[in-house]
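Please look over the structure below before reading on.

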Amino acid sequence: MHAMDQPTLSRKDVLSTAALAALALALPKSALSQTPPATPQITIEDLKTAQKLAGLNFSDDELKEALPDVKDWLAGYEGVRKQPITYQVEPPTVFQPFSLREEKRKRGIGTTTYLNRSLRRPISDEDLAYLPVRDLAQLIRSKQISSVELTDFYLARLERYGDKLLAVVTLMPEQARADAKKADQEMAAGRNKGLLHGIPTGVKDLFALKGFPTTWGAEPYKDQVFDYDAAVVENLRGAGAIICAKTSLGALAQGDVWFKGKTKNPWNPAEGSSGSSAGSAACVSAGLLPYAIGTETLGSIMSPSNQCRVTGLRPSYGRISRYGAMAVSWTMDKIGPICRCAEDAAIVFAHLAQMDTRDRSWVDRPFHFKPDVDVRKLRIAFLLDAKEDAKTTTKPEEMEVLQVLARLGAKLQPVSITPAEDGLFAVLEVEAAAAFDELTRSDRIHLLKDSSWPQSYRASRFVPGVEFLQAQRGRTLLMQKFEEELGDVDVLVADGRGGSALFITNLTGHPQMLLPWGADEKGKSKSVSLIGRLYEEDTLLAVANAIQLVTNYHSRRPDLSKL
């Protein structure tokens, strides 16, 4: 047979042939003699039905031509599934947020904090429980309280109220007391590691913590234990923080329902605390911890911070290492602090935003927080949200926060932004389904109760690969458009959780803060959102701090006698 008479091989055929040859050399003869698993028979009629899911209308001839490749792909899926793809394995593509602002700031990380040198320990335990990190640090430095004493104090509150709120998955009293004793010894020897040194905290139970359960809030994983620490845990311990508890999260980071029930809102125990950083927000709100760590993919810090009336920071994507954290969406997951106030969030963020090459999305950007910012020198705008119902949207003249900023000298301007296409939600859904594909195809998925994840995982299996990549390309356009519409604005103010900007900024990677703002006439929690420029958390936090210095919504406390 002449060369020109040889049957034509596609690139896929060549690769498949080479792969089979390599496999034949690697496998023992006994394995080669085994009968391969049967591949489902796919017909033209199957393709006709399937194309409806993608809104396509190929002809019978076109589908007939595609059928052999579809069969090839189906046979190849099984080989990929057999590979050891654990939850730590990420796709090779790294998401990079898009910014039009040229980086001109000085490198490095630092915070300016003015300690109250005349501070005296409160007589009331309730007053002590709600002190900010800055004041607790001053009490320790002035030897009015030790880390061991403070740790015992918060452990007692966690034991008293944690189960009532269903906010704590694992309490760590022995480890916490040992770490507190070590912190006291270090500070006595003059080795002070900063304002978190000796201060108790809690971490959302999706961070690996060596030797302790990391349940992800889900029944299928409630006995899971890792032999390493997440980067967040390493950074907290490096700062001398005392980790007292793993806080609750909605199963696999959705909602506020986990395998023991629904985490409650300390302000109204009849309500859930929202999710998925449910336990972190509830613990801070109830004074069980001075601060705690949460994560967000699409509102999981903003929403419980709103419900529980605490201060939450979702930093720019990539600022805090995701190493050792359960993945929901590799290109959307962010880690941030939930605190009493913006200044505390700045202190915690500075300790968490440490270099980590294990997370390829980590970015090195400057952070220099100063609590006495002059808002008159900043460009602050308020959001006119085109997607919200005009009948229910709060009008700018009704937003008290704008009046506060105006009194501080801010020159406010309105900004409209283009809502994101709903189809971009495929980015989150498909990545989440891929992260938990093994669970979805196993019987263990039925252990996941009171969760919409199973149906979401299954539905995402029917999103065509082309449409997923088109959604990612649409995301690129969204990033460019959002930056253009922000123009020269430094901080964007929005009502509540941010309206459509919440979805947009989680896709674009921009930072957002939520400040509690009391309650409405029906007792429902109110809040204000501040949205910043990429990697400019210091400016965002400074404006939030300026607002909180002249308001007191963040210092209000729930009535725990209702629990």
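What follows is a short briefing, grouped by topic.

The model is predicted. A search of the whole structure finds 29 salt bridges.

**Salt bridges across the sequence**

- Glu271 pairs with Lys524 in a salt bridge, with the closest N and O atoms 2.6 Å apart. Glu271 sits in strand β8 (residues 268-272), and Lys524 sits in the loop between β16 (512-519) and β17 (525-532), so the bridge ties together parts that are 253 residues apart in sequence.
- Arg461 meets Asp437 in a salt bridge of 2.8 Å, N to O. Arg461 is in the loop between α16 (453-460) and α17 (465-486), and Asp437 is in helix α15 (residues 437-440), so the linked parts are 24 residues apart in sequence.
- Arg461 is partly exposed, with a relative accessible area of 43%. Asp437 is buried, at 14% relative accessibility.

**A salt-bridge network**

- Arg101, Arg379, Asp488, Asp490 and Glu536 are linked by salt bridges into a network.
- In general, side chains of opposite charge can pair when their charged atoms come close.

**A covered helix**

- Helix α14 (residues 426-435) is mostly covered, with eight of its ten residues buried.
- The buried residues are Ala426, Val427, Leu428, Glu429, Val430, Glu431, Ala432 and Ala433.
- Their cover includes α15, α16 and α17.

**A buried lysine without a salt bridge**

- Lys334 lies in strand β11.
- Lys334 is buried but has no salt bridge. The nearest side chain of opposite charge is Glu296, 5.9 Å away.
- The Lys334 side chain instead makes a polar contact with the side chain of Asn506, at 2.7 Å.
- Beyond its neighbours within four places in sequence, Lys334 contacts Gly294, Thr295, Glu296, Thr297, Arg314, Pro315, Ser316, Tyr317 and Asn506.

**A buried tryptophan**

- Trp362 is placed in the loop between α12 (342-352) and β12 (367-369). Trp362 counts as buried, at 17% relative accessibility.
- The Trp362 side chain reaches two backbone oxygens: that of Arg319 at 3.3 Å and that of Gln354 at 3.1 Å.
- Leaving aside neighbours within four places in sequence, the contacts of Trp362 are Gly318, Arg319, Ile320, Ser321, Ala353, Gln354, Met355 and Asp356.
- Trp362 and Val94 are 268 residues apart in sequence, yet their C-alpha atoms are 9.7 Å apart in space.

**A nonpolar surface patch**

- Val80, Ile85 and Val89 make a nonpolar surface patch of about 250 Å².
- Ile85 lies in the loop between α4 (60-81) and β1 (109-111).

Technical notes: Residues numbered from 1 in each chain as written. Predicted model: local features only at pLDDT ≥ 70, side-chain atom pairs only at ≥ 80, totals over all residues. Heavy atoms only, no water. Salt bridge = Lys/Arg side-chain N within 4 Å of Asp/Glu carboxyl O. Helix = DSSP H or I, 4+ residues; strand = E, 2+ residues; numbered from the N terminus. Buried < 20%, exposed > 50% of the residue type's maximum accessible area, 1.4 Å probe, protein only. Contact = heavy atoms within 4.5 Å. Lys, Arg positive; Asp, Glu negative; His and termini not counted. Polar contact = N/O pair within 3.5 Å; in protein donor to acceptor, adjacent residues only side chain to side chain. Patch = residues over 30% accessible without salt bridge, like charges linked within 9 Å, V, L, I, M, F, W, Y side chains within 5 Å. Areas by Shrake-Rupley, 256 points an atom, 1.4 Å probe, with all protein chains shown as cover.
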